[in-house]
Amino acid sequence: MISNQAVSPTRAAGASILDTLNEDQTRAATTFDRPVLVLAGSGTGKTHILTAKFVAAMDRGIAPDRIMAVTFTRKAAQELRERISPYAAAKGFNPEKLWIGTFHSLSSRILRLNPNLSPVGSQFTTLEPTDVDYIISAILRQMRHECIQSPHALAKKVRQIAGLLDRLKNTGLTMDEVVASREHDRETLDILKSYETHLRGRGLADYGDLIVGVLTLLRNEVVSRAWHKKFDAILVDEYQDINTAQGRWIDAITGDNTSLTCLGDDDQVVYQWRGADPRLILGFKKRYPSADVITLRTNYRSPAPIVNAALRLISHNSDRYEKTVYAANDGGFDSTINLHPHGPRQRDEVLADILRAESIAYAWSSMMVLTRTNAEAQDIALSLGNRGIPVNLIRPSAVDSGPMRLLSAWLRLVSNANDTPALAQCCVLTESDPTLTNLWTMGVLKSRPILEILMDEVDRNRIQRPELIQLVQRYRTIMPMLDNRDAVYGLHTIFAQAGFEQLLDTLPEGERIHFLTVFNGLAADASAVKTLSELADLIQTQMPGKTIKTDAVMVSTMHGVKGLEAPIVCTTGWSKKQFPRSLDDDDIEEQRRLAFVTVTRSSERVHILFSEQSGPSQFVSEMQGAAA
Ligand SMILES: Nc1ncnc2c1ncn2[C@@H]1O[C@H](COP(=O)(O)OP(=O)(O)OP(=O)(O)O)[C@@H](O)[C@H]1O
C-alpha cells in the first residue's frame, strides 16, 4: 500500500483541482494507505474527487500508467481522459497510454497483453449485442430448432438465450461452471455450448467474455501477481452499478499494495435489470475491513428545492442507506421544479415552447431532455429538430452510427476472417439472408471461414450478387496492402479502399464532418495500438456515441446521463401508470432511483411533462412531500 507521505512540492499542476475540494473530499482524494469507499449522494463531488485523486496520485510521483480509472460509461471515460491528459502530458507521458476506460475497454487491453494465457486469445474480435443475436439465431437454424418455423418464435428464443448468456456472464461464470451448476435443461445447455464453441473456435468474444476472460486470466497466480504489481492506484466510479463479475474483476486485480478507491451512491442504482449488484457497495467494508468509508454531505450541483424534493422522493425507498445532504446553493428560485400537463399529441409542442422560453437566458447546450426509452428519445429529437431546435441525440456507443459501424466491421473482418457478423455488416446483409445462411451451413460443415467459402463461390461464378462480389474484391485489394504495415496505415487503407469516400458523399454535411473528425481522432489513437482488431475495440468499447452540434439541446434516455449535469433539465413521460410502469416492489424502487437521478442532473431548473389525461406520476407527489 502506498504511504500517505507528504505530497511533493512539484505538485503545481494539480494544485488547482486539489484546492477546490472540501475537507471530506480532500481526505478521499489524498488517502492512499488504505482502501477508500466514498458513499455519497448525488452532486456531492464524487466524479470531481476521481479526477482530483488521479492528479494527486501523479503528484505523489506515481507514473500515470500505474494508475487505472474505471468508469461506467464511455462518455465519463472520455471526459476523465480529457481532464487528465494535460497533466499526464506535462509529465512527458503519452496520454493515449493512460489506463482510463470502461470495464470492457480495459479488459480488452488486459487480454491482448496476455496473448498466451488469454482464454479468448489475443487477436480476437469483439461482437456487438446484435452480433450475438445473429450467432444464436444461426445456431438455432443449424440445430433445426422448432422455433425457426416462425420468425416471431425464433426472435423470442434468441432473446431468451441472449438474456440468459448475459445474466450468466454478469455473474462471472465460465461455461464449465454453468454446465457444472446443473441448473439448465439439456437443450439450453446444448445451445449455450454450441455458442461458446463457435466463439472460441473462431477468435470471437462477446462483451461478457471480456470481463469473464480477465477473471479467468487472473486465476493464474503468476499473471495475477504481475497485475497486482502493475497498478499503484485503482479508482472506480459509479461503483453502485457494477455487476457481480465486475465486482470480482476489481477485487481480483487489486493487489495488497494497490490503493483502491471506489465511489458510488446506492440511491443511484439504475442498472439492476442488467445485473448491477448493490450488495457490492453495501458490503465493501466486509471485503475490505481496513477501508475508510467517507460520506459527503454537500450537494454542489443543485439548488435546495431540487435537493430537498429529490430527498423526499428517495426516502420512499426502503432498501437504502440514509444520507444527510445539504445544498450548497440555497436556490431561491420560485419555480425550480415545474409541472407541465399536455394533451394528446401535444408533448413535443409543449416541450419546444419550454426550450424556446429557456433559450432566452440559456444556451441550447445548457439544456437536457431526458426520456424513459430510446424510442421516445429518437422521436423527440426528430420532432424538436423539425421545429428548428438544434439537438444532439446521445447514443451510448459509436457503433450506433452507420459509418462507424461499417468501419468497425471492416477492421474486424480484415483481422478475423471468421467474424461472420462483421462480414454481414460490411455488405449490409441481414442474418436471415439466404445466401449467408447457405454459406454459414457450408462453413460449419467444412470447418472453414465463411469468407473463404464466399471467395470460392464468387470465383466459380456461383454467387452473382453485386454486394458480395464487391466485398470480395475489396477484401482482396485491402489484404495484401496490410502486410506488415501498422494500424495507422491499415486504417487509412480501409478508408480508401472500402468505399468510405462514396459513402460519405451520401451523408448530410454535419454527419460527414463528424465522421471525419472522429476518424482523425481514431487515426491519432491508432499509433498507440498494434493491431486493427485493437482499433476496432477502441470504436466498440471506448468511443462514446456522436454529438454533432456544439450548441444543441442534449436528448437522451434517463439512463444515458448518469454522472452528467446541465442547468435546465426537461423530462418527459412522467404520467400515472407510465412512470412507474409497475408497482412491483423491486421495480418501483429502481424506477424511483431513475427519477432521482433524472431530477438531480439539474443545476437550476427542472421541467416535468406528463399526460393531462392520466395525471402526474406518483413520484411527483412524493417529491412534493406525500407521506412515505
Ligand atoms: N468542493 C466543491 N466546490 C465547488 N463545486 C464542487 C465541489 N465539489 C464538486 N463540485 C461541483 O459539483 C458538481 C457535482 O459534482 P460531481 O459531478 O463530481 O458530483 P457526483 O457526486 O459525481 O454527482 P452524481 O453522483 O450526481 O453524478 C460539479 O459541477 C462539480 O464541479
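The model is predicted: local features need pLDDT of at least 70, side-chain atom pairs count only at pLDDT 80 or more, and totals for chains, interfaces and linings use all residues. Residues are numbered from 1 along each chain as its sequence is written, and side-chain values use heavy atoms, with hydrogens and water left out.

Start with the sheet. Six strands form an open sheet in the order E3-E2-E6-E7-E1-E8, and their pairing is parallel. Strands (E, at least two residues) and helices (H or I, at least four) are DSSP runs, numbered from the N terminus. Two strands count as paired if DSSP finds at least two bridges between them. In general, strands of a sheet pair through backbone hydrogen bonds, either parallel or antiparallel. Strand E3 (99-102) and strand E8 (292-294) stand at the edges; each has a single partner strand, so one side of each lacks a neighbour in the sheet. From one strand to the next, the twist averages 15°.

Strand E1 (residues 36-39) runs parallel to E8, and three bridges join them. Val-38 has Ile-294 in E8 as its bridge partner. Helix H3 (residues 46-59) packs on the sheet and touches E1, E2 (67-71), E3, E6 (233-236) and E7 (259-264). Contact here means heavy atoms within 4.5 Å. The direction of H3 makes about 165° with that of E7. Axes are lines fitted to C-alpha atoms, for helices over the stretch in contact, and angles run from 0 to 180 degrees between N-to-C directions.

Now the charged side chains. The whole structure holds 38 salt bridges. Each is a side-chain nitrogen of Lys or Arg within 4 Å of a carboxyl oxygen of Asp or Glu. One of them joins Arg-412 and Asp-131, at 2.9 Å from N to O. This pair links distant parts of the chain: Arg-412 sits in helix H18 (residues 402-415) and Asp-131 in helix H6 (residues 129-142), 281 residues apart. Both Arg-412 and Asp-131 are buried. Buried means under 20% relative accessible area, exposed over 50%, and partly exposed in between (1.4 Å probe, protein chains only).

Asp-24 and Arg-27 meet at 4.0 Å, N to O. Both lie in helix H2 (residues 23-30), three residues apart, about one turn of the helix. Asp-24 is partly exposed at 28%, and Arg-27 is partly exposed at 34%.

Asp-456 and Arg-448 also form a salt bridge, with their closest N and O atoms 3.1 Å apart. Shared partners join Lys-169, Glu-196, Arg-200, Asp-206 and Asp-209 into one salt-bridge network.
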